[in-house]
Amino acid sequence: MTSALSILNSVFGLPSFRGAQEEIVTHVAGGGDCLVLMPTGGGKSLCYQLPSLMRKGCGIVVSPLIALMHDQVAGLREAGVKAEYLNSTQSYEESCGVEARLLSGDLDLLYVAPERLLTPRCLELLARARLALFAIDEAHCVSQWGHDFRPEYIELSQLAERFPEVPRIALTATADALTRTEIVNRLKLAGARRFVASFDRPNIRYEIVEKNNARAQLLAFLAQRHAGDAGIVYCLSRAGVEETAAALVERGFDALPYHAGMDAAARAHHQDRFINEDGVVIVATIAFGMGIDKPDVRFVAHLDLPKSIEAYYQETGRAGRDGKPADAWMTYGLADIVKQRRMIDESVAVDDFKRVSIGKLDALLGLCETPGCRRARLLEYFGETSPPGNCGNCDNCLNPPVVWDGTILAQKALSCVYRTGQRFGAGYVIDVLTGRSSERMKQFGHDRLPVFGVGKERNDKQWRTVMRQLVALGHLLPDSEAFGALKLTASARGVLKGETSVMLREETAQKTVRRRRGKDAKRSSGPLAGAGLGRTPANDGLLGALRAWRSGVARAQGVPAYVVFHDATLEAIAASRPDTDAELRAVSGIGERKLERYGDALLKLVRTAGG
Ligand code: ADP
Ligand code: ZN
């Protein structure tokens, strides 16, 4: 058996394994079953691709997403691996051809959709073929409680009975214990070894800012930090998606909308452009994302609050799969909390479900308001204890917010809510606090209350921050039945009586957190991910030329650009300017097949372009 490392190098062009990859590969290559829990971008694919190449026979990969299957197979073929798929997009003749190659031992890897695999014809075919392993990707799809449940996945338990001698490896990026147990039970993996990687995504920078003018804030964020980058902007509503995409286009971004209200062809077209082209920004509702495998998404921006930490982590997790620096940026304000609460209250769900939803929202608000490390908070939520101290790559660690005793301010706000009858939203309450009278207020006589004008020392914006935190801390509750009027909760009484103090975080003035390339490069996990070299004017010309060349190749072959080469590979070429085949071969991401195929073109580009 050829060693795992030498195949990693010769076929995939990668110099070393990441995390537990080597241990997993060795275990599966030796015939062992296992369950692999690894975050998005952790490198799960190699965990079954390499053992498939090392063992005799063909590796069968069960994957629920046909689009993803195509890209994976295209990528493997680029690297010279004999890979195919069987799914409903093929003609009968095409699938017969694939079946024949499987039986004659001419395939290393075969991707199959679960419903196809479970047909009698396919099971019979597999029984006659020599099989290296079964890989069950997105294994959390067996979970009936999860949002990606696929009934066919339950039937995959048959594999254990029908093919007891073939090793099985189940993989997922969904972390919670319940899902893990369900996978083990349903896929009959009780005796399988478990590999649980940390769910930390060190290359992702988490940042949550106070919402003032969401669109202007987004534009500034993109202009300052992500000009020309590919990214995803999430909005709650279809209208929000359309308007934001239009605003970005007006400012010169290559932005496209995506939501369930669009017709299927337009949606597919936008998704294709996002995946296949460089620097497209997709503005989407949460309908977008499942099965998006694009490695070079440089940012995920949220203009509205998601439902839960799980949703936030899954959505932000689509950034930076390639291990290079990426941003998870969110703007959030009081209106977001009110909106999410209302959606829960107005939903038709049973009370238990509503309680769970409120608990999840509260956990997310805790993340938004924490003055501590966002990463630590996230990992803690998923049951991981993170090392104490400064992660160095979230807004709070880079720019620690000031926390101060705001009990007096809180008391003023809460008593103003009480005195005005708990019938008004934050805007009105702030008007009373700051002593801004109106006809309406005079009618109610609120301009004569003792609380009128007691908060003059703070401006509107500062009071909005205070009100939001009081809601997030649970001292005030927006009442959905009364149009978001704020009501006091039981805990507010303690504050008013002076028994509970209220610590508030001061919004750090609009200091933009900038990307520090050097340090990030070290943190990112890909071996040559940053190469510490960054972009210089001299190699920008070459990098541009390399990208243009890659687009041409990708178009000609009908595959996404990243299937030809990842950004990291092009950047490493631009930075090191290789002069010989051997130097080129040393670049991460260039295996033997790619050298043979593209080596001359690349060396020529290096000699002629830029610098
Ligand atoms: P997952 O399926 O876990 O989300 P992938 O298998 O798609 O992750 O891998 C994510 C990215 O990391 C891919 O771009 C892949 O090429 C890269 N990668 C995986 N393992 C390594 C490694 N050992 N060295 C360098 N890059 C790697
Ligand atoms: Zn941190």
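Which residue has a backbone N or O atom 2.9 Å from a nitrogen atom of ligand 1? The residue is Ser16, and point 3 takes up the rest of that site.

1. Basis. This is a predicted model, in which local features need pLDDT of at least 70, side-chain atom pairs count only at pLDDT 80 or more, and totals for chains, interfaces and linings use all residues. Residues are numbered from 1 along each chain as its sequence is written, chains are lettered from A and ligands numbered from 1 in the order in which they are written, and side-chain values use heavy atoms, with hydrogens and water left out.

2. Domains. The protein chain falls into domain 1 (4-196), domain 2 (204-332 + 370-400), domain 3 (403-506) and domain 4 (537-609); the bounds come from an automatic or database domain assignment. Taken over C-alpha atoms, the centres of domain 1 and domain 3 are separated by 56 Å.

3. Ligand 1. The ligand is surrounded by 16 residues, the closest being Gly41, Lys44, Ser45, Arg321 and His566; a residue counts if one of its heavy atoms lies within 4 Å. Arg321 places a polar side-chain atom 2.6 Å from an oxygen atom of ligand 1. For Arg18, an N or O atom in the side chain is 3.1 Å from an oxygen atom of ligand 1. Ligand 1 taken alone exposes 560 Å², and the protein buries 85% of that (Shrake-Rupley method, 1.4 Å probe; for residues, only the protein chains shown count as cover).

4. Gln21. This residue belongs to helix H2 (residues 21-29); helices are DSSP runs of H or I with at least four residues, numbered from the N terminus. The side chain of Gln21 reaches the backbone nitrogen of Arg18 at 2.8 Å. Gln21 is buried, with a relative accessible area of 3% (buried is under 20%, exposed over 50%, partly exposed in between; 1.4 Å probe, protein chains only).

5. Cys373, in the loop between helix H16 (351-369) and helix H17 (374-381), and Cys391, in the loop between H17 and helix H18 (395-398), are 18 residues apart, and the pair links distant parts of the chain.

6. Cys373 is buried at a relative accessible area of 15%, and Cys391 is buried at 12%.

Terms used
Helix = DSSP H or I, 4+ residues; strand = E, 2+ residues; numbered from the N terminus. Polar contact = N/O pair within 3.5 Å; in protein donor to acceptor, adjacent residues only side chain to side chain.
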